[in-house]
Amino acid sequence: MSIGIVSTVRDGDAVALSYAQEQLCFLQKLEPGLTAYNLPRVFRLGGALDADALERAFQALIARHAILRTAFFEQDGVPMQWVQASAPFALERIDLSALSPEAQKQPLDEAVRRTASHVFDLGAAPALVARLVKLGDRRHVLAVCLHHVVSDAWSNPILAGDLARAYRLALRSGGAAVALPPLPVQYADYAVWQRASVQGGALARQLDHWNRHLGPEVPSLDLPTDRTRPAQKTFAGTALGFALPPALALAVQKFCRAEKCTPFVALLAAWQVLLSRLSGQGDFAVGVPNAGRHHEEV
């Protein structure tokens with residue numbers, strides 16, 4: 001569905017944040033050393049690589065996406081975003097090629113860890129850091145990290161695709177700067193549109209819908225735990241991976257086809273049943289990620 005988001009924000013303009021950006025900026029201000037909203041990615045690169053061309057490709061990426069040239073600040077207590085005409089970027093390079101593969105492991109892990117745990121200053125663009133680690137003439141590791149205020153999971157493959165396109169152009173440019181085609185709208189244009197739509201009553205209509213659907217109060221989930229919840233949030237956690245037996249995976253797929261739903265819906269329902277049994281509750285809230293891409297322009 002098209003909703004008519006148009007390009008109105010120019011380089012040098014300062015505009016209000018989207019509501020998602022506003023939340024992230026508030027959390028970063030509340031905890032300046034927060035890294036929970038970092039989006040790290042690590043790429044193993046095989047074959048010959050031109051580090052100078054890769055750096056120019058990153059610069060072309062930043063030039064194309066205005067959000068990567070955006071700084072965040074407060075004006076009279078109101079969080080704002082300032083789209084700059086340019087933003088300085090340098091690709092940090094680490095050469096471990098003289099070390100043995102075993103000796104490379106610790107400094108490589110450290111380079112990746114430093115990238116993933118980078119503390120961003122949202123007042124300075126770009127909210128992006130990248131390190132290229134050379135392991136051999138044809139073996140490299142590229143570690144990239146962006147702050148969630150300028151990117152999300154949906155954006156990551158777009159960024160990787162644009163970076164690859166820009167790198168191919170840079171290889172043929174003979175050392176000159178390269179440029180990617182301009183975008184029809186930028187994220188700041190969406191933020192302006194979102195604010196205007198909310199002022200026009202769009203948010204009130206959505207709130208009315210969900211209040212009618214969920215009722216006046218949704219109880220919080222009260223799970224039995226093996227330890228007391230800490231007074232200070234630490235973001236310490238882990239992931240537990242497991243594999244479904246092939247027969248069970250096939251049964252889930254057949255069930256989803258019969259019920260015309262995705263495996264996500266079926267597995268989320270099973271997860272909610274488990275939580276209900278563990279907590280003894282029939283009502284509770286479960287949050288799930290939402291890409292927020294409901295319109296053609298975004």
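Begin by selecting strand β3 (residues 70–75) together with strand β4 (residues 78–83), which run antiparallel and are joined by six bridges. The model on the screen is a predicted one, and the tour should be read with that in mind. Within this pair, pick Phe72, whose bridge partner in β4 is Gln81, and then move to Gln75, which stands opposite Val78 in β4.

Now widen the selection to the open sheet of three strands, where the order is β1-β4-β3 and the pairing is antiparallel. The edges are held by β1 (14–16) and β3, each of which has a single partner strand, so one side of each is left without a neighbour in the sheet. Direction ignored, neighbouring strands of this sheet are turned by 35° against each other on average.

Next, show the charged side chains, among which 13 salt bridges are counted. Select Arg69 and Asp11, whose side chains meet in a salt bridge at 3.1 Å, N to O. Arg69 lies in the loop between α2 (51–64) and β3, while Asp11 lies in the segment before β1, so the pair ties together parts that are 58 residues apart in sequence. Which of the accessibility classes does Arg69 fall into? With 7% relative accessibility Arg69 counts as buried, whereas Asp11, at 46%, counts as partly exposed.

Continue to Arg93 and Asp52, whose side chains meet in a salt bridge at 2.7 Å, N to O. Here Arg93 lies in strand β5 (residues 92–95) and Asp52 in helix α2, so this pair ties together parts that are 41 residues apart in sequence. Arg93 is partly exposed, with a relative accessible area of 40%, and Asp52 counts as partly exposed at 40% relative accessibility.

Then go to helix α4 (residues 155–171), where Arg165 and Asp162 are three residues apart and thus separated by about one helical turn. The closest N and O atoms of their salt bridge are 3.2 Å apart. Asp162 counts as buried at 5% relative accessibility, but Arg165, at 33%, counts as partly exposed.

Finish on the surface by selecting Leu223, Trp271, Leu274 and Leu278, which form a nonpolar patch with about 370 Å² of accessible area together. Trp271 is placed in helix α8 (residues 263–279) and is partly exposed, its relative accessible area being 46%.

Definitions and conventions. Residues are numbered from 1 along each chain as its sequence is written. This is a predicted model: local features need pLDDT of at least 70, side-chain atom pairs count only at pLDDT 80 or more; totals for chains, interfaces and linings use all residues. Side-chain values use heavy atoms; hydrogens and water are left out. Two strands pair if DSSP finds at least two bridges between them. Helices (H or I, at least four residues) and strands (E, at least two) are DSSP runs, numbered from the N terminus. Patches are made of residues with over 30% relative accessible area and no salt bridge: like charges are joined within 9 Å, nonpolar side chains (Val, Leu, Ile, Met, Phe, Trp, Tyr) within 5 Å. Accessible areas come from the Shrake-Rupley method with a 1.4 Å probe; for residues, only the protein chains shown count as cover. A salt bridge is a side-chain nitrogen of Lys or Arg within 4 Å of a carboxyl oxygen of Asp or Glu. Buried means under 20% relative accessible area, exposed over 50%, partly exposed in between (1.4 Å probe, protein chains only). Axes are lines fitted to C-alpha atoms, for helices over the stretch in contact, and angles run from 0 to 180 degrees between N-to-C directions.
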